[in-house]
Structure formats: structure tokens, C-alpha cells
Amino acid sequence: MTAFSQHPPAEHILVHLSDTHLLGSGRKLYDQIDSDRPLTTLMERLEASGLDIEALVFTGDLSDRAEVGAYERLRDMIEPWAQKLDAELVWVMGNHDEREPFTTVLWREEPTAETRDRVYQLGGLRLIALDSTVPGYHHGELTPGQLEWLARELATPAPHGTLIALHHPPIPTPIDLMGLIELDNQPALADVICGTDVRGVLGGHLHYSTFSTFAGVPVSVCAASCYNIDLVADASKLLSAKSNNLSSSLIHVYPDQVVFSQVPMDEDTELTSYDASYRQVIESMSPEERREMFSNKNSEFNRRSDQEQSGF
Ligand SMILES: [Fe+2]
Ligand SMILES: [Fe+2]
């Protein structure tokens, strides 16, 4: 397939989701949020997109109350899609999760109270899932033992570098209240990451989509798939949670860059589209013809698009 960009194709494509907060027996959050529908709708769209997805990464708060039934529903909902998409399924612990049911249901292993950290090899790309939870609490931490383990793991670089996935993102939040339950001792994690092959940090927990850097590494926080926090809520409120702005994130890992793109999970309406078969027509053109047709504002193609979009 002819590439239209100066950049080479992505070497890896991952999908990042977070904070599904499922309840057992299909009960609704706040008696009104259907946490299942956005997930299944996204999975249907991912399959229809034809994207070659290597992993589905869920960064914690998978259940709302750590019910076995909630984990079973999530597993039974998502596992068949992971198989269909031929994608690795990565479950990460969040503060609403508990290690025993998480382990027995999602990992299908013997129950344990140990931190649930795991390394995934995705064809040259290493993904390290870190358990940043503190049993019985909502804030996050990484124990000295976890940091030592991480440093040992990172001592050997991976061919395509490393992504770290953890629930509590190591960045500031403008929602002051969330600062009360953030990740403790973030400089200790920065010390471990600095100078390694870590190319990105994936987080959740905040219930809004945001991007930053940490120890010089890009950080992408995925919004929740159930309800989200309004960053510009009325000043009379310390915190305001709303049912919209559900989204997932696409992660494209290129040889030299990592690109994070938000994929909304709310209802949408298609306004216009180009048929996939049109690609063949574009491929048959020379680079000069493509530039004139798609970049020149006065090309017949652009004049027709302008007419359709703005009416003149
Ligand atoms: Fe959450
Ligand atoms: Fe959380």
C-alpha cells in the first residue's frame, strides 16, 4: 500500500481504555449509567475499522466495588472481542479493584494479595503493567520492591522501547480534590524511568482525558468509559461528575514517535465520508497530482468539499 505521509507506518497500534467501573448483575452506576453499552459499541467499531490492534489495555477501576460478578461480566464481554481482534488483553489494577477477585477472574490464577505487576511483549514493544493500588485506600503508591523490580526490568532495553501502564498517573491534576488520592512519591518513579527506554506512560483514575510529560516521557491519561469529571464546572462546585465525554485512546507507536489519539465513545453522527475504494484512485496519481488535488485550495476536489461543508 502506498504511504501518503513522509512518516513510516506505525509499528504497533494499541487501544487504551480506563475506568469501566462495572457493577455486578448489570446494575447501573448512579442508577442510570449503562457501563456496558459504550464498551461493546467501541469493540464493534474497532472490528469494523480493520485496524491491526495488538493490545487492549484497561488501566484500572475495572469494577466499581470489586464484585466477582462485575469482573466476570467484564471478562465475558471483552475476552471474545480480544480473541476476534487477535489482541493481547491487558488488565491493570485500580483503586476500586481488589487483587483477589481481579486475579482469580481476570487472570484466571490463584488468589493473592501481592501487587499485580506484569510484563507483556508485543512484538518488540514492551508493555509493563504496574499495580499502583494501596489495599483499603484510594490513593496510589509503588512500593520500594516494585520500583526495584521495575528498575531491574528496564535495565535491558526492548527492541521497540517500553510503555508503562498504571492506574494513578504521575502528573498534576487541576481538580484539586483528586490531588488527595494521587500517586505518592512520584519522584521515586521518575528516578527509575529516567534514562531508560520508556517511551510513554498510560494512566487512568482522573476520569477525564489529559496529556503531559513525566521524567521527560509523554503521559496519556484515558478518560473513563462510564462517567467523567467536568474540568470547567461551576465555581460553586469542588467536583462535578457528568455522564458524557466517554472516550478511549488509540496509541500508534512509530519508530521515532508515539502518537496518542482520543476516540470518543459517546453517540455520534457521521457528517461526510470518503469511500475506501477511493484510495486506489489516489494511489494511481503521482505525488504532484495528489498535492494539486488535495492541497491546492482551488482544486475541483477542494471546491466541491467547501461547497458541501460551508454551502459556498
Ligand atoms: Fe475511576
Ligand atoms: Fe481510580
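**Hairpin and iron site**

In the predicted model, strands S4 and S5 form a hairpin with 2 residues between them. Gly123, which lies in the turn, has a positive phi of about 50°. S4 covers residues 118–122 and S5 covers residues 125–130, and the two strands pair in the antiparallel sense over 5 bridges. Within this pairing, Val119 has Ile128 of S5 as its bridge partner.

The iron ion (ligand 2) has four protein donors: Asp61 through OD, Asn95 through OD1, His167 through NE2 and His205 through ND1. These donors lie 2.1 to 2.3 Å from the iron ion (ligand 2). The iron ion (ligand 1) is 3.5 Å from the iron ion (ligand 2), and both ions are coordinated by Asp61. The angles among the 4 donor atoms of the iron ion (ligand 2) are 85 to 165°, and the site is irregular.

Along the sequence, the donor residues of the iron ion (ligand 2) follow the spacing D-x33-N-x71-H-x37-H. The pair His167 and His205, 38 residues apart, links distant parts of the chain. His167 is in the loop between strand S6 (162–166) and helix H5 (186–193), whereas His205 is in the loop between strand S7 (198–203) and strand S8 (210–214).

Both histidines are classed by their relative accessibility. His167 counts as buried because its relative accessibility is 0%. His205 has a relative accessibility of 4% and therefore also counts as buried, the cut-off for this class being under 20%.

How values were computed:
Residues numbered from 1 in each chain as written. Chains lettered and ligands numbered in written order. Predicted model: local features only at pLDDT ≥ 70, side-chain atom pairs only at ≥ 80, totals over all residues. Heavy atoms only, no water. Pairing = 2+ DSSP bridges. Helix = DSSP H or I, 4+ residues; strand = E, 2+ residues; numbered from the N terminus. Donors = N, O, S within 2.8 Å, 3.2 Å for Na, K, Ca; no water. Tetrahedral: all angles 85-135°; square planar, octahedral: opposite > 155°, others 65-115°. Buried < 20%, exposed > 50% of the residue type's maximum accessible area, 1.4 Å probe, protein only.
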